[in-house]
Amino acid sequence: MKQFVEYIVKNLVDKPECVQANQIDGTHTIIIELSVEKGDIGKIIGKKGKTIEAIRTLLMSVATRNGIRVTLEILEDGAPSKSQQSNSRSSDA
């Protein structure tokens with residue numbers, strides 16, 4: 001999961017060498033903490049949060065296939081951002 005997030009994010013930002021992801025594994029949940037260059041945060045979030053929502057949707061799809069939950073957090077100066085959301089929402093499909 002961590003490599004999947006890094007691959008997507010590195011292709012979106014101006015400074016891919018600054019992208020760092022940390023995966024914290026739990027029994028049925030994985031938390032991925034994402035850190036990027038301060039100037040690239042807007043590119044990851046996108047207009048009205050559309051880009052980060054798309055990334056989280058992709059993660060949720062992969063996680064659901066494996067029977068786990070994934071949370072993606074964007075770290076800003078070492079703390080989770082206000083825009084962090086959980087991908088553990090249920091969808092009406």
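Biologist: Which class does asparagine 22 fall in, buried, partly exposed or exposed?

Modeller: In this predicted model, asparagine 22 sits in strand β1. Strands are DSSP E runs of at least two residues and helices are H or I runs of at least four, numbered from the N terminus. Buried means under 20% relative accessible area, exposed over 50%, and partly exposed in between (1.4 Å probe, protein chains only). At 39% relative accessibility, asparagine 22 is therefore partly exposed.

Biologist: What is the average pLDDT of the chain?

Modeller: The model is predicted: local features need pLDDT of at least 70, side-chain atom pairs count only at pLDDT 80 or more, and totals for chains, interfaces and linings use all residues. Residues are numbered from 1 along each chain as its sequence is written, and side-chain values use heavy atoms, leaving out hydrogens and water. pLDDT is the predictor's confidence in each residue, from 0 to 100. In this chain 82% of the residues score at least 70, and the average is 83.

Biologist: How many contacts does the stretch with pLDDT below 50 have beyond near neighbours in sequence?

Modeller: That stretch is residues 79-93. A contact means heavy atoms within 4.5 Å. Beyond near neighbours in sequence, the model's count for this stretch is 26.

Biologist: Which residue of β2 stands opposite asparagine 22?

Modeller: β1 (20-25) and β2 (29-35) run antiparallel, joined by six bridges. Pairing requires at least two DSSP bridges between the strands. The two strands form a hairpin with three residues between them. The residue opposite asparagine 22 is glutamate 33.

Biologist: What is the C-alpha to C-alpha distance from asparagine 22 to isoleucine 32?

Modeller: Not counting residues up to four places away in sequence, asparagine 22 touches Ile31, Ile32 and Glu33. Asparagine 22 and isoleucine 32 are 10 residues apart in sequence; the C-alpha distance is 5.6 Å.

Biologist: Which residue of β3 stands opposite isoleucine 30?

Modeller: β2 and β3 pair in the parallel sense over seven bridges. Six of the eight residues of β3 are buried, so this strand is largely enclosed by the rest of the structure. Opposite isoleucine 30 stands valine 70.

Biologist: What arc do the buried residues of α1 cover around the axis?

Modeller: The buried residues of α1 are Val5, Glu6, Ile8 and Val9. They lie on the same side of α1, because they span a limited arc, taken from the directions from the helix axis to the C-beta atoms. On the other side of α1, Gln3 and Tyr7 are exposed. The arc is only 165°.

Biologist: Which side chain of opposite charge is nearest to aspartate 40?

Modeller: Aspartate 40 lies in the loop between β2 and α2 (41-45). Asp and Glu count as negative, Lys and Arg as positive; His and the chain ends are not counted. Aspartate 40 is buried without a salt bridge, which would need a side-chain nitrogen of Lys or Arg within 4 Å of a carboxyl oxygen of Asp or Glu. The nearest opposite charge, 4.5 Å away, is on lysine 43.

Biologist: What is the relative accessibility of valine 13?

Modeller: Valine 13 is in the loop between α1 (2-10) and β1. Leaving aside neighbours within four places in sequence, valine 13 contacts Val19, Asp40, Lys43 and Ile44. Valine 13 counts as buried because its relative accessibility is 9%.

Biologist: What is phi of lysine 48 near?

Modeller: Lysine 48 is in the loop between α2 and α3. Lysine 48 is exposed, with a relative accessible area of 84%. Phi is positive in this residue other than glycine, near 55°.
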